[in-house]
Amino acid sequence: MGAFPNGRERGGALWAIDNRRSIRKFQDTPLPMACVLEILQCALKAPSSKNRQPWKFVVVEGRAKEEMLRAFERGLSREEASPLLPDSNIHLPAAKHTLKILRQAPVVIFVVNPLGKPLGASLTAEERVYEICNTQSVAAAIENMLLAATEMGVGSLWVCDIYFAYAELCAWLRPEGELLAAVALGYPDEAPAPRPRRGIEDAVVWKS
């Protein structure tokens, strides 16, 4: 394992954190199932609130991916006419671009919280706390997936634009719980530079 310019050595979590990028261009190369399984195994090792492990993963590829893309497209068309997210329509063009990205990616993994409540459900304070804690747990699992993919030379994109086609995707997926996100995977066809990040002085408050 050799040292990289930033001083990290490939093979460590810090290297993967430094080198992870959101990939929006994928090669037209199949992703071996062994890679997908390894990434999913890393997701399953994430920490979770009270060890509830509130996650389920739906791996979509091949012909099933084509069906999913049609559902996504129907949702985007419906969102233009009858929006679920009317105050977010400024982001609809980005969601349409996300659809193009998903067409390229050989594998798309949908992430579901089996303990989650339906979108828009009225929750008690205690139910809301459970929902927040479980969502944090799922987010940790997704981050594990992204870092594992980076270490393996696989590109990834954490997708939240599914909410612009939420009803249509749920009707197609029939998830047992709350659909939270998707992750696109494939060999990258780009090498983006790091995005700007807030500095410690802007993001951290010290209390001693």
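Which residues in H3 meet Tyr166, Glu168, Leu169 and Trp172 in H6? In this predicted model, local features need pLDDT of at least 70 and side-chain atom pairs count only at pLDDT 80 or more, whereas totals for chains, interfaces and linings use all residues. Residues are numbered from 1 along each chain as its sequence is written, and side-chain values use heavy atoms, with hydrogens and water left out.

The H6 residues are met by Ala64, Glu67, Met68, Ala71, Phe72, Arg74, Gly75 and Arg78 in H3, where contact means heavy atoms within 4.5 Å. By class, this contact of H3 with H6 has seven nonpolar, one polar and four charged residues (Ala, Val, Leu, Ile, Met, Phe, Trp, Tyr, Cys and Pro count as nonpolar, Asp, Glu, Lys and Arg as charged, and the others, Gly among them, as polar). Helix H3 (residues 62–81) and helix H6 (residues 166–173) pack at an angle of about 150 degrees, and their axes are 7 Å apart. H3 and H6 are therefore roughly antiparallel to each other (over 145 degrees; under 35 counts as roughly parallel, 65 to 115 as roughly perpendicular and the rest as oblique). H3 passes H6 in a right-handed crossing.

On the H2 side, Ile39, Leu40, Cys42 and Ala43 meet Ala141, Asn144, Met145, Ala148 and Ala149 in H5; by class, the contact has eight nonpolar, one polar and no charged residues.

Of its 13 lining residues, Arg20, Arg21, Ser22, Arg195 and Arg197 are the closest to the centre, and helix H1 (13–19) and H5 are the elements that give two or more residues to the lining. The lining divides into five nonpolar, one polar and seven charged residues.

The second largest pocket holds about 240 Å³ of space. It is lined by 16 residues, of which Asn19, Arg21, Ile23, Thr150 and Pro188 are the closest to its centre, and H1, H5 and strand S3 (155–159) each give two or more residues to this lining. By class, the lining of the second largest pocket has seven nonpolar, five polar and four charged residues.

Conventions:
Helix = DSSP H or I, 4+ residues; strand = E, 2+ residues; numbered from the N terminus. 1 Å grid on protein atoms, 1.4 Å probe; cavity = no way out; pocket = protein on both sides within 12 Å on 5 of 7 lines; lining within 4 Å. Points joined across faces, edges and corners; volume = space filled by probe spheres on them. Axes fitted to C-alpha atoms, helices over the stretch in contact; angles between N-to-C directions. Left-handed = near helix turned anticlockwise from the far one by under 90°.
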